[in-house]
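Have the model open in your viewer, with the sequence panel beside it. We will go from stop to stop, selecting as we go.

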Amino acid sequence: MANIRCVNIRKSYGGHSVIENLNLDIADHEFVVFLGPSGCGKSTMLRMIAGLEEISGGTVSIGDRDVTHLHPGERGVAMVFQSYALYPHMTVEENIAFGLRRQKVPQAEITRRVQHVAGLLGLESFLERKPKNLSGGQQQRVAMARAMIKTPKLFLFDEPLSNLDAKLREKLRTEIRKMHLDLKTTTIFVTHDQLEAMTIADRIVLMRAGAIEQQGTPSEIFDRPATRFVADFIGSPAMNFRDCMVSRNGDTVELSAGSLRLQVPSDEFGGLADGTTVEVGLRPSKMDLAAPGDLNAIPGKIILVENMGSDGQIIVDVDGQEMSFVTKAFRSLEPGQPVSFAIDPTSIHVFSKETGRSLRKAV
Amino acid sequence: MNNRRFLFWTLTPGFAVLAILALISIAGALYFSVMDRSLRYPDYHFAGLYNYQRLLSDRRFLNALQISATWEIVTVVGSLVVATLLSVLIFETVKSFWLRNLICFAFLAPVLLPRVAAAFIWRFLYSPSLGLINYLASLLGFGPVEFLANPSLALMSVAIVDIWQWGLFFTVIMLKLLETLPKDPIEAAQLDNAKTWEIHAFVTLPMLKAPIISLALVKAVESLRSFDLIYVMTGGGPGTATETLDLYAYQAGINLGGRISYASAMSILLLVLTTIVFTLIWRGIRKWSV
């Protein structure tokens, strides 16, 4: 078990810099998710911590030991790959035991530990099989067993679930989370799936173009996005954005654009100067049906009703622009109907047009 | 035209030509092998299995059989060992794309040489009085080594030329095969704390088992046809130290003896023997590689 410290990490390929002065601390036992769109540098970060990718500048320490120039095998980390990366010519048992055999662990000990991990992951009956005779989910379990058996100081997961179907993904996600609750090994998990990140993480590190855009608990990231990018990236259905004009009126501020008129308490936001334009973000899941005269009610005409099972997403035409909200009472709604929906003022996000940063004051 | 008929009409001419050519020569050899045909006399008679009987008690034939077997094993194993070691070495040490391609290009050159040309080059290199190798050896204080005239060195000296041609060629192929392997299992092995040689011994080379077996078979067939190389370099000598079966058949049938029937019997026996041996090897490999 160990804490991780990355100081001033730089990575460049040739002259092209992909990561610039990144600093990150991960506490012992923490489950951190690197989240971001493809090409944001999250996998590169993970691979640098693993030692599979050379670090152009800066230092990485694992458990207060500087590992920047150590061979991957000497860092005490275990990794689960997106492609599983099993040794195709070896049986499941040989795959799992490979690392221990390289460490010259006695055979009796290896057998005992293989049985133990195989038991934990339900692989007992597959030990003699070759990877090609296993399903994707079983292969992923073997990869996890191979990582677990080494009792590493740090677990690294590189998009381990993206090749699995949705149902299996959910199941393995829960298993990984449970495994972490049991073993409490510090874990870094890379994904581009925001739902996966939200459900599994103690802390999300959201990356964009080689830099950390925001880090915090899933709730912090979801409820208090620091930038428009984070707000847009997190949450499904995606947030509605509208450019609004600011008009101050005593303690309240009105944000307006066409038939959209939203009142927010002025003391919760900074930099809302009268007459400026800001970008307002409204989460579909934080809005619901309202009566036409209600506070912050937005009138529009229904374009589409999407049935999502227990909820429905309603796509609405508001002044010629599409907006969406989510409601449980979607079954009575029909395309073409006029509708009004409203949002609680505490869930309104306001972003600067220039910097994209949230104007909401920190609590 | 449907698919089956298309296949039939496109494949038949090729197979027909092949079959006719192979069948005619085999039938001819079979026919001669049961006669007592010799270039010295115009007439010949049926002799039954006499030629085959004599072969089994011919010490020169048994010697040639042994030389052929040694030649097969040394050249096949030698080429693959050289190719494995060199390709792994280049894979691990040469990271520059251009340098790798340059090396590959250089390694392809020997196999592009006609056998006879390679044989002459090396005969010159091996020469005790003029050769570069003996010059270098003399600088280190070794006397002139009779590479091709010393019966205990001659076969190995010729084998080195064969390995020089084919081992380097296979190095290029194996290097390209290593490059096509997925990176992930190699990285997983690094994380499993495997040393570089362990990664190759336990992960990459076993993953290349099937193509390596194919290379071995190709080389085994190719090594059977080394007549020109050996003929130019040593002519089967000194004595019979490098006389393989095809060389002996040539010497007996065409070059010196003129005993066509005896040589034909030898070729037929060689054909039967290689067919049996290769079938057995092929079966064994198929079972083992599953």
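Helix α3 covers residues 59-93 of chain B and helix α7 residues 151-180 of chain B; they pack at about 40°, with axes 6 Å apart. Axes here are lines fitted to C-alpha atoms, for helices over the stretch in contact, and angles run from 0 to 180 degrees between N-to-C directions. Helices (H or I, at least four residues) and strands (E, at least two) are DSSP runs numbered from the N terminus.

A note before moving on: this is a predicted model, where local features need pLDDT of at least 70 and side-chain atom pairs count only at pLDDT 80 or more, while totals for chains, interfaces and linings use all residues. Residues are numbered from 1 along each chain as its sequence is written, and chains are lettered from A and ligands numbered from 1 in the order in which they are written.

Next, switch to chain A and select β13, β12, β11, β14 and β20: in that order they form an open sheet of five strands with antiparallel pairing (two strands pair if DSSP finds at least two bridges between them). β13 (260-265) and β20 (349-352) of chain A stand at the edges with a single partner strand each, so one side of each has no neighbour in the sheet.

Now zoom in on β12 (residues 252-257) of chain A, joined to the antiparallel β13(A) by six bridges. Pick Ser256(A) there; its bridge partner in β13(A) is Arg261(A).
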